[in-house]
Amino acid sequence: MISSASPSDEGPRSPTDPPAEAPICSAKGCRAPAVWVLAWNNPKLHTPDRRKTWLACEEHREYLSNFLNMRGFLKDTVPLAEWESASDG
Ligand SMILES: [Zn+2]
C-alpha cells in the first residue's frame, strides 16, 4: 500500500482524510460534530443485513432521516454515544 501523506502541506484538508477523533455530520457542507447515527440499507444495492451509516448533527438529523425514510432505506436512528458503545472496537 502506498501512502503519500505530506504532513507539512498547508493546503485544504483532503476530504478523504477526516480527523479521526471528531465525527462530523454527513450533511453536505455541514462541519458540525455528529451526535446521531442513521443506519440505513438500500435493498437494491445491499444485502438485508448490511448497514450503511450516516452521521448527523442535531440540526440535520431530521433532514437526513427524512431523506432516507422517503426512500424506505432508514432502519435505525441511534445516538452516536450509544452506537459507539454498542460496536466493539
Ligand atoms: Zn449537520
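This section describes the fold, sheet, core and confidence of a predicted protein model.

The model is predicted; local features need pLDDT of at least 70 and side-chain atom pairs count only at pLDDT 80 or more, whereas totals for chains, interfaces and linings use all residues. Residues are numbered from 1 along each chain, as its sequence is written. The pLDDT is the predictor's confidence in each residue, from 0 to 100. The protein averages 86, and 75% of the residues score at least 70. Among the elements, strand 1 has the highest confidence, at 98. Helix 2 (residues 80-86) has the lowest, at a mean of 91. Where pLDDT is low, the predicted coordinates should not be read in detail.

The protein contains 2 helices and 3 strands. Helices (H or I, at least four residues) and strands (E, at least two) are DSSP runs, numbered from the N terminus. Along the sequence the pattern is β-β-α-β-α.

The 3 strands form an open sheet in the order 2-1-3, with antiparallel pairing. Pairing of two strands requires at least two DSSP bridges between them. Strand 2 and strand 3 are the edge strands, each pairing on one side only. Neighbouring strands are turned by 25° against each other on average, direction ignored. Strand 1 pairs with strand 2 over 5 bridges, in the antiparallel sense. Within that pairing, Leu38 has Trp54 of strand 2 as its bridge partner. Another 5 bridges join strand 1 to strand 3 (residues 74-79), again antiparallel. Here Trp36 is partnered by Pro79 of strand 3.

Helix 1 (residues 61-70) lies across strand 1, strand 2 and strand 3. It runs at about 5° to strand 1. Axes are lines fitted to C-alpha atoms, for helices over the stretch in contact, and angles run from 0 to 180 degrees between N-to-C directions.

Buried residues make up 16% of the 89 residues. A residue is buried if 20 or more other C-beta atoms lie within 10 Å of its own, exposed if 12 or fewer, and partly exposed in between, with C-beta atoms placed from the backbone.

The largest nonpolar core has 12 residues, including Cys25, Val37, Trp40, Leu55 and Phe73. Such a core is a set of buried Ala, Val, Leu, Ile, Met, Phe, Trp, Tyr and Cys residues joined through C-beta atoms within 7 Å. Strand 1 (36-40) and strand 2 (52-56) are the elements that give two or more residues to this core. Strand 1 gives the most, with 4 residues. In soluble globular proteins, nonpolar side chains tend to be buried together.

Ala56 also belongs to this core. Beyond its neighbours within four places in sequence, Ala56 is in contact (C-beta atoms, placed from the backbone, within 7 Å) with residues including Cys25, Ala34, Trp36, Leu38 and Leu64. Among contacts between residues at least 6 apart in sequence, 57% join residues at least 24 apart.

Arg71 sits in the loop between helix 1 and strand 3. Arg71 counts as exposed because it has 11 C-beta neighbours inside 10 Å. Its C-alpha atom is separated by 8.6 Å from that of Asn42, 29 residues apart along the chain.

Key
Two residues are in contact if their C-beta atoms, placed from the backbone, lie within 7 Å.
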